Amino acid sequence: MQKATQMTATKRLVLTAVNIALCLVLPMAFHSIPNGGKIMLPMHIPVLLCGMVCGWPYGLAVGAVMPLLRGLLFGMPVLYPTGIGMAFELAAYGVVIGLLYAKLNKRGVAGVYMALVPAMLAGRAVWGVAQTVLLGLGGNGFTMQMFIAGAFATALPGIVLQLVLIPVVMVGLEHAGVLRDTV
């Protein structure tokens, strides 16, 4: 797989736009499931892919903006504290996965996992800090039990989905030649 820095700016912008569109519509597929967004984490997938494919600045931008934009357009996620906390979390995903994937010499499934797992952990840590600050400002506490439940227990199906789907998509994009420039 080629590094994102070898991709033309136009191609990166187009792929970023595709990930923005996915952030807008993918959560709708889970609306029929009670707490589907918290369980399946549908916005995380395009942000993680954007950071890997397009680079950390694009992953940062998509991650920081999309929960807020989606909250304003559709009322989900609720902006405070969920949307704001998600903006920090997803921005961290985009930055960490983009930086790690660009620096790795390893490609294929192993390279994806070497960037994906640390990014997922970093994003969840950032979410925990953001929730602590946001809920503290509102006069509410955020306990370790709430963190474990929100970051891992409730989100376990979404975590598994990310660990299975993202490597498959990345290998598919490479195999299809999407990650190479044809210009």
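This is a predicted model: local features need pLDDT of at least 70, side-chain atom pairs count only at pLDDT 80 or more; totals for chains, interfaces and linings use all residues.
Local features need pLDDT of at least 70 and side-chain atom pairs count only at pLDDT 80 or more, while totals for chains, interfaces and linings use all residues. Residues are numbered from 1 along each chain as its sequence is written, and side-chain values use heavy atoms, with hydrogens and water left out.

**View 1. Crossing of helix 6 and helix 8.** The axes of helix 6 (residues 108-137) and helix 8 (residues 156-176) come within 10 Å and cross at roughly 145°. Axes are lines fitted to C-alpha atoms over the stretch in contact, with angles from 0 to 180 degrees between N-to-C directions; helices are DSSP runs (H or I, at least four residues) numbered from the N terminus. Val109, Val112, Tyr113, Leu116, Val117, Met120 and Arg124 of helix 6 meet Ile159, Gln162, Leu163, Ile166, Pro167, Met170 and Val171 of helix 8, where contact means heavy atoms within 4.5 Å.

View 2. Gly59 counts as buried because its relative accessibility is 0%; buried means under 20% relative accessible area (1.4 Å probe, protein chains only). Beyond its neighbours within four places in sequence, Gly59 is in contact with Val47, Cys50, Gly51, Leu90 and Gly94. Val47 is 12 residues from Gly59 in sequence, with a C-alpha to C-alpha separation of 5.7 Å.

**View 3. Lining of the largest pocket.** A pocket is an open set of points on a 1 Å grid over the protein atoms alone where a 1.4 Å probe fits, with protein on both sides within 12 Å along at least five of seven lines; lining residues have an atom within 4 Å of a point. Of its 28 lining residues, Gly37, Lys38, Pro77, Thr82 and Met86 lie nearest the centre. Helix 5 contributes the largest share of the lining, 4 residues.

Terms used:
Helices (H or I, at least four residues) and strands (E, at least two) are DSSP runs, numbered from the N terminus. A crossing is left-handed if the near helix is turned anticlockwise from the far one by less than a right angle, and right-handed if clockwise. Buried means under 20% relative accessible area, exposed over 50%, partly exposed in between (1.4 Å probe, protein chains only).
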